Amino acid sequence: MRILAILFSLLLIVAFVGVGGVLYAFYHYGRGLPAYAQLADYEPPTVTRVHAGDGRLLAEYATEKRVYVPVSAIPRRVSNAFLSAEDKNFYNHPGVDFLSVTRAVVTNVANFASGRRPVGASTITQQVAKNFLLTNEVSYERKIKEAILAFRIEQAFTKETILELYLNEIYLGFGSYGVAAAALNYFNKSLDELTVAEAAYLAALPKAPNNYHPIRRYDAAVARRNWVIGRMLEDGRIDQGEAEAARAEPLIVRKPGETQAVQADYFAEETRRELARLYGDDGLYAGGLSVRTTLDPRLQDIANRALRAGLIAYDRRHGWRGPLAKIDIGPGADVQAALQGGIARPIGIDDSWQIAVVTSTDAKQAAVLLAEGRAGQIPMAELKWARPWKKGQRFGGAPKKPSDVLEPGDVVLVETMTENAKGVAYDAGTFGLRQVPDVDGGIVALDPHTGRVLAMAGGYSYARSEFNRVMQARRQPGSAFKPFVYLAGLDSGFTPATLILDAPFVLDQGVGLGKWKPANYTKKFYGPTPMRVGIEKSRNLMTVRLAQTVGMEKIVGYARRFGVMENMDPLLSMSLGAGETTLMKITTAYAMLVNGGRRISPTLIDRVQDRHGRTIYRHDLRDCEVCVAEVWTGQAPPQLPDEREQVANPASAYQVVGMLQGVVQRGTGRRIAELGRPLAGKTGTSNDNVDTWFVGFSPDLAVGVFVGFDEPRTLGLKDTGSNVAAPLFKAFMAEALAGQPSIPFRIPPGISLVRMNAETGQLARPGDRRIFLEAFQPGTEPSGRQVVLDGGYNPSTGSTAASGTGGLY
């Protein structure tokens, strides 16, 4: 009896010591643990998705590609698979499964001598504690902290919340964070489409995804999956028939399907920069934003093709710069190996272009061999463009035979051709010679009423150069700036019919600076000429005289007001476009002309929603309570107030639009008139033909085009905005407006339309042939003899002010 008492006392002492030890451990290791309450507000990093205007995916940004799914939306077969694999007693333990811990201790003791890896007994709650609040350090201290946090988490959160955190946080391989991303990446399915076998495979991955890779370690992956299926059967989560069917199912990985994505790299990058500015990198890459952009995929596709085709066409006009490389094709040479391994494919070329080597030439064609081993030929008709390139964008004489262009061993780019320029079919294996253009440019299209950017192509290839020539290239607009000089003239009391002297102009620039003598492109003088003709024919001398009459300070104000240039010097040369601007700025300014002189700000983003669906950004900030209708029941569309600032007299803006329409109909942009639509715009060419532009619009679409070398140099002696940039504008508008009704330019109140003679600029008389309607503001209609502006007299102000120059003719 005494022995029993002693034993009982010893057991009691051991129990007290044990309990005391546990309490001390809880006290010692529980101090300074992370605040588990933060899990209540936990928002894991999720993908920010950027969509085009029609909802198609444009870009994704993420540090962890995760799709967060609430536990209520996770199918039971998926959560059951993870419970069976990781924690079958999840709903019954207080955070630590003591039975599993005991079993693990016994197993590890038994396995100690064999050197096997110790088995664990972490519950899902413990894994949440480790993944969210602790490190992956392997130590008893970390396990104790993990258990303490698990108890605390179980007291603070429901089992469903803990399970939701776990299933959305775990990494499952293949770049998959959370079960929803894993279902897409492994099986190209949503969670509710997963089979029992697929759910079981995902549940097999948390411990070590790479050990059960479905391709590299297929057998191990299937064995582990089947083990999970067995656990699900044992736990009663599936029946025998489901288990057998799941075990028999092959493990097949299906790559995510091709998402209907829009190719607009320059637009996407500008959107990314704007989002980073608004929300920072954390908000962009981890915030799970849903962004709806202004991009119109149809117009973007047209812009991409028009720009590439236009740059290629310009490049071909200026000759052949030679092969990519030369290789040995002599006896014993492994030509295919040299092509496949030694010749890098040029970055950013069309997918249809291939690398080939010239094997021989004769009088009619050049024989080529492609890297894939296919042979073919380039006929002389596809080589006629390849005149030798010369410095200054000059070129030599047209080739007469293939050997004038190519030699055996030349490595070149080719494209499969099915017919010649006349539509006559080619033989199979016929190719055309191709060359990557070294010139570049940009196209932008926007809605002139809202500023929404509908398309943006910032260069020939984003892969080749990320520099965006729409947003980042600051270049001289040349004559494309002139409409704002003429707008200032109209607001000063002049009219499109005002006569301006087109004659030599000389300005003394000061001591030691010489005289400034601007000239027209034609080097001719035309005497007194209507203002309209000055802009239609892009007469420099008339523009300078008008600028001198109006005063450069006023023109500087217009440049600033329209956002073309913020700090333009008040020099006469600036009236001819000697300052610098970007394609986006000047296109937006033209848009403000056609919209009636109202200010707009270009935007790429319509709306941003956070991960909870709340709208946190809108470009249009006008309130519209009636817009929140769930269904349309025939009600009239809402009428929203027009809050745009008026930056120009609508009547004057319309007069400029009318004159720019004349540029297309009779002036430097007349090749665009072939489209037969109401279009207006202006060419622009800087000194030495370095920068070429065409900026224009229809009543509801403003478009700007720029072409030039990134390192400024001449485009050629005869290459101007008229024959370099205008064809790109024409190609874009022809396709963009196809199938749409021809809408005339909208006439504001107070405009009088008067019949004028297009040849004389005078009032039309009976029998005159070239008649057009000129727009006049009230009281300015022509009535008799007119004053000719010579740059020295302004009848509205009496000003005779003149200013200096910067050197652009």
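Predicted model: local features only at pLDDT ≥ 70, side-chain atom pairs only at ≥ 80, totals over all residues.
**Exercise 1.** Work out the strand order of the open five-stranded sheet, and find which strands stand at the edges.

*Solution.* Read the order: 13-12-22-21-20. The pairing is antiparallel. Now take the two ends. Strand 13 (453-457) and strand 20 (680-685) are the edge strands. Each has a single partner strand, so one side of each lacks a neighbour in the sheet. From one strand to the next, the twist averages 5 degrees.

Then go inside the sheet. Strand 21 covers residues 691-698, and strand 22 covers residues 701-708. These two run antiparallel and are joined by eight bridges. To find one spot where they face each other, go to W693: F706 in strand 22 stands opposite.

**Exercise 2.** Describe the open three-stranded sheet, and say which helix lies across its strands.

*Solution.* The order is 17-14-25, and the pairing is mixed. Check the edges: strand 17 (527-530) and strand 25 (788-789) each pair on one side only.

Take the pairing of strand 14 with strand 25. Strand 14 runs over residues 499-502. Its pairing with strand 25 is parallel, over two bridges. For a residue-level view, pick L499: its bridge partner in strand 25 is V788.

Helix 16 (residues 540-550) lies across strand 14, strand 17 and strand 25. Against strand 14, helix 16 runs at about 120 degrees.

**Exercise 3.** Which residues form a nonpolar surface patch with I747, and how does L773 classify by accessibility?

*Solution.* List the members: I747, L753 and L773. Together they have about 270 Å² of accessible area. Now focus on L773. L773 sits in strand 24, residues 771-776. Its relative accessibility is 53%. The cut-off for exposed is over 50%. L773 therefore counts as exposed.

Key
Residues numbered from 1 in each chain as written. Heavy atoms only, no water. Patch = residues over 30% accessible without salt bridge, like charges linked within 9 Å, V, L, I, M, F, W, Y side chains within 5 Å. Areas by Shrake-Rupley, 256 points an atom, 1.4 Å probe, with all protein chains shown as cover. Salt bridge = Lys/Arg side-chain N within 4 Å of Asp/Glu carboxyl O. Helix = DSSP H or I, 4+ residues; strand = E, 2+ residues; numbered from the N terminus. Buried < 20%, exposed > 50% of the residue type's maximum accessible area, 1.4 Å probe, protein only. Pairing = 2+ DSSP bridges. Axes fitted to C-alpha atoms, helices over the stretch in contact; angles between N-to-C directions. Contact = heavy atoms within 4.5 Å.
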